[in-house]
Amino acid sequence: MHTNDAALVSSNDVVLFGADTFASLAWFCLTHDSPWRVRAFTVDAAYLSNGSHEGLPVVPFEQLLEHYPPDKVRLLLPLGYHAINGLRRERYLQAKAMGYQFISYVSSRASTWPDLQVGENTLIYEHAIIQPFARIGSNVIIRSGTHISHHCQVADHAFVAAGVTLGGNVRIGEQAFIGLGAILRDGIQIAERTFVGAGAVVLRDTEADGVYVGNPARKGERTAQQVTGFQSS
Ligand SMILES: CC(C)(COP(=O)(O)OP(=O)(O)OC[C@H]1O[C@@H](n2cnc3c(N)ncnc32)[C@H](O)[C@@H]1OP(=O)(O)O)[C@@H](O)C(=O)NCCC(=O)NCCS
């Protein structure tokens, strides 16, 4: 979905951002279910507590250009939804500006169709169902067992947790977070940076930065930033 004038990389080598359990999950899936070869992990220097993760080197993101330059590796940033996906958005845009190309991962166990359109730096895990005419942006995470119905649109930087059900024509805005097992009624629009709590049943359009929980889902008093932590840098 995005054009990228980054350097061409001839190898299958990939560096993953993160050195936590979520990074381990992506490493495992890539290793067992993709042509990509994970060579290293990278984290912000402030979070560099260990020189290795899953038996591979961990290098500071601030020194990534020296260790693994953009003409040698591609990147994948399997970051969570901290700061309502703002941290993943920021690191993705930084890495893009540094000249890196990104891979995407679509599990071989996901159910997809030939018209599948997925942006870059996107992960789609096992048993996700992506129906025809659905569109998935860049820097998106779709966790396992999610049902994305026909003509749904998931915008850049969104996070859809496991077991979510989207009716047809649902639109999920940039940086929105949809919690475990939530149900989104067909045709509704989830505004940018909305936080939908686990198990919520969302029947109406949401407002940007709102937090919605319950059945039927109601807007709470806190903002999505307050629920997911503020951006530190
Ligand atoms: C909405 C959410 C952020 C609230 O978390 P929290 O601020 O820690 O809230 P608490 O657990 O302290 O609960 C506060 C109150 O809200 C209620 N509540 C919390 N989450 C709720 C939810 N998803 N739906 C309905 N009510 C909820 C609690 O029962 C509690 O009610 P009480 O005060 O009457 O006892 C969290 O529960 C949630 O849904 N997170 C999403 C988890 C998820 O999907 N993770 C994906 C991992 S990949």
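This is a predicted model: local features need pLDDT of at least 70, side-chain atom pairs count only at pLDDT 80 or more; totals for chains, interfaces and linings use all residues.
A word on ground rules: local features need pLDDT of at least 70 and side-chain atom pairs count only at pLDDT 80 or more, while totals for chains, interfaces and linings use all residues. Numbering runs from 1 along each chain as its sequence is written, and side-chain values use heavy atoms, with hydrogens and water left out.

**Ligand site**

Let's start with the ligand. It has 13 residues around it, and G179, L180, A198, R222 and V227 come nearest; a residue is near a molecule if one of its heavy atoms lies within 4 Å of it. The shell splits into nine nonpolar residues, three polar and one charged.

| Residue | Protein atom | Distance to a ligand oxygen |
|---|---|---|
| L180 | backbone N or O | 2.8 Å |
| A198 | backbone N or O | 2.8 Å |
| R222 | side-chain N or O | 2.9 Å |

On its own the ligand has 910 Å² of accessible area, and the protein covers 41% of that (Shrake-Rupley method, 1.4 Å probe).

**Nonpolar cores**

A nonpolar core here is a set of buried Ala, Val, Leu, Ile, Met, Phe, Trp, Tyr and Cys residues joined through side-chain atoms within 4.5 Å. Buried means under 20% relative accessible area, with over 50% being exposed and partly exposed in between (1.4 Å probe, protein chains only). The largest such core has 28 residues, and I142, I148, V154, I172, I178 and L184 have the most contacts inside it. Take I142: skipping residues up to four places away in sequence, I142 touches L123, I124, Y125, A128, I136, I148, V154 and V160 (contact means heavy atoms within 4.5 Å). There's also a second, separate core of 26 residues, including L16, F22, A23 and F177.

Most residues other than glycine have a negative phi, and most peptide bonds are trans. N85, in helix α3 (residues 82-97), has a positive phi near 70° and is buried at 0% relative accessibility. Q175 is another non-glycine with a positive phi, about 65°. Q175 sits in the loop between β16 (171-172) and β17 (177-178), buried with a relative accessible area of 9%. Helices (H or I, at least four residues) and strands (E, at least two) are DSSP runs, numbered from the N terminus.

Then there's the cis peptide bond between N215 and P216, with omega at about -5°. P216 belongs to the loop between β22 (210-213) and β23 (218-223).

N139 lies in the loop between β10 (135-136) and β11 (141-142) and has a relative accessible area of 0%. Its side chain makes a polar contact with the H157 side chain at 2.9 Å; that term means a pair of N or O atoms within 3.5 Å, where within protein one must be able to donate a hydrogen and the other to accept it, and residues adjacent in sequence count only if both atoms are side-chain atoms. Among the residues N139 touches beyond four places in sequence are R88, R89, Y92 and E120.

V202 is in strand β21 (residues 201-202) and is buried at 2% relative accessibility. Beyond four places in sequence, V202 is in contact with residues including I183, L184, V196 and A217.

Note on methods. Ala, Val, Leu, Ile, Met, Phe, Trp, Tyr, Cys and Pro count as nonpolar, Asp, Glu, Lys and Arg as charged, and the others, Gly among them, as polar.
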